[in-house]
Amino acid sequence: MPDYDVIIVGAGPAGMATAITAQQSGLSVLVLDDQPDHGGQVWRDIQQNHQHRQSRSFLGEDYWKGHQLAKAFLASGAEIQHQAVVWQIAHPLSLSVTIAGIAQNLSARAIVLATGAYERPVPLPGWHLPGVMTVGGAQTLLKASATGADGAVFVGTGPLFYLTITQYLDAGFSVAGVCDTGAGLGSPSTLLTLPLALVQPKMLMKGLRWLRRIKAETPYFAHVSDIQLEGQDHVEAVAFAHGKGRPKTKMRIPSSHVFLHQGVIPNVNLSMASGLTHHWHHRQMCWHPICDRHGASSVEGIYVTGDASGIAGSGAAVASGHITGAAVAKALTGITIPITALWRHRMKRLQHRALRPFLDRLYAPLAETLTPIDANTIICRCEGLTQAQVTAAMGLGVAGLNQLKAYCRAGMGRCQGRMCGLTVQALLADHHKIPIQDMPYYRLRPPVRPVTLAELAAFHQADPDI
Amino acid sequence: MFRRLDTPLSEITIFWEDRPLTAYQGELVASVLLRHGISITHHGPTTGSRGPYCMMGVCFDCLVDVDNRKAIQSCQLVAKDGLRLNRHLNLAGTGHPNDA
Ligand code: FES
């Protein structure tokens, strides 16, 4: 007998929604989440913050919306385990997880990966310096402990970028500069996707409001490129070029806090290491696991839902979670949820997804962050490898990423390629003059998180069959 | 420098290289450090100085040594009274076997 009917990895919007629907269908559900509390990154600490809603109003309406789902999730009866780090999925279906330093094996009839997304690496010169953080990281500090920094410079583009700056302003932090790297509405292909995006007029208006406010209340620079983060042991300034004119205007803003953002990408390490088939998403410029519309992956019994299966935002993730929860219930018990409910979720997901082609184009990552050309830019943060070192290794006749890893250790570190993988892939594809989708990613193997020898020893003792 | 907008009641003390730091129950260790102006959590011969970057457990740049455990992600660690922290010496990339 498996330990649970379903184990869900991740307690963000998609994971919570999956759990609610699966539990309602009578399945036994366990949710494993690596953070201290459920809510995912988008609704981080929602339950706790809700008690201080007055003093934390700067988090904004969209944030508070998460409270309803979190409440329903807690009431659902699904079991939740916080700070649980899943590092392997095995067959017959089971997963290995470390909870409070103790590794264990749990089996299930179905596993749902709701591992969400993380911010695309932003390999700019100096991005490794202390004081440089992601915009999402800055936002986490705001949500987790109402903490922020005065005089920061924000560099990037994307919904999370403008939202976090707005939250910063609402919270009363001074902002030293906003360097917008977005391409703007100029390109015809962006404009062509606009009509579809009009399905979501409220979201578009919200984006416009954010931007108007940021332009009015901060030193704002558009069409930013040629970015350098300067400093020795800590970031001291951001140098960049901006404007539409040629040559662009040069600018330098001193600051000891710089926040970067170039969009988010699915967190696929676990799905890749578990043998799921992935494909390259040309527009989002990242790997997606191949799934059917319910989230069923290429591996029997494993589902992927929410942003982990492709970036569509939290609204779509909630709908996807419900849809996947229903699919799992149907597969395991034959029970179907009311067709009206299912259609409601499908409609909602469609509406949210309609916005994506437009957003993906409008907020496309800056070229210099995709394929860094500066020789001293750190590519692999874990091993401290520069662009020059990685390119030198490529010159040794390296065919793919795995071989490159053996030559220069890029991707060997603790983050297991999360911070360098896409960059190394782009550089190597460039080197071989092939399209990026033809350059396979690292072959990832479990454990997908560092596991200590002590944990492993205890694990093997507990389970002599392994 | 990072600052906190509110002052929760549940004050605790953690130690950074033997220096006492005021923290609050439930606060992330990385957050406490940043609030006290400590932005370099680990350093090493190949990586140089590093500090929290992603705040969500992905980048492993917020590593600290905690009590007698080495290389712990401070953005994933909740502060507890009396916690003793030290800057982590990161030997990644040097092929050093002791880099646990
Ligand atoms: S700051 Fe990235 S793992 Fe902690």
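Start by selecting the cysteines: the count of disulfides over all chains comes to 0. This is a predicted model, by the way. Zoom in on Cys408(A): the closest cysteine sulfur belongs to Cys380(A), and at 7.5 Å it is too far away for a bond, since a disulfide needs the two sulfurs within 2.5 Å. Cys408(A) is also buried, at 10% relative accessible area. Hop over to Cys54(B) and you'll find another buried residue, with a relative accessible area of 6%.

Next, pick residues 13-24 of chain A, which make up helix 1. Its 12 residues reach 17 Å from first C-alpha to last, close to the expected 16 Å. Is this helix enclosed or open? With 11 of its 12 residues buried, helix 1 of chain A is largely enclosed by the rest of the structure. Show what covers those buried residues, and chain A's strand 1 (4-9), helix 4 (66-75) and helix 11 (314-333) are among the elements that turn up. Just past the helix, click Gly26(A), which has a positive phi of about 90°.

Now for the interface. Chain A brings 48 residues to the contact and chain B brings 39. Together the two chains bury about 3,500 Å², with 54% of that from carbon and sulfur atoms. On the chain B side, highlight Phe2(B), Tyr53(B) and Met56(B), which lose the most area to chain A, together 23% of what that side buries.

Finish with the charged pairs: the interface has 3 salt bridges. One to select is Arg56(A) with Asp6(B), whose closest N and O atoms sit 2.8 Å apart.

Key
Residues numbered from 1 in each chain as written. Chains lettered and ligands numbered in written order. Predicted model: local features only at pLDDT ≥ 70, side-chain atom pairs only at ≥ 80, totals over all residues. Heavy atoms only, no water. Buried < 20%, exposed > 50% of the residue type's maximum accessible area, 1.4 Å probe, protein only. Helix = DSSP H or I, 4+ residues; strand = E, 2+ residues; numbered from the N terminus. Expected span 1.5 Å × (residues − 1). Contact = heavy atoms within 4.5 Å. Buried area = accessible area lost by both parts, 1.4 Å probe. Salt bridge = Lys/Arg side-chain N within 4 Å of Asp/Glu carboxyl O.
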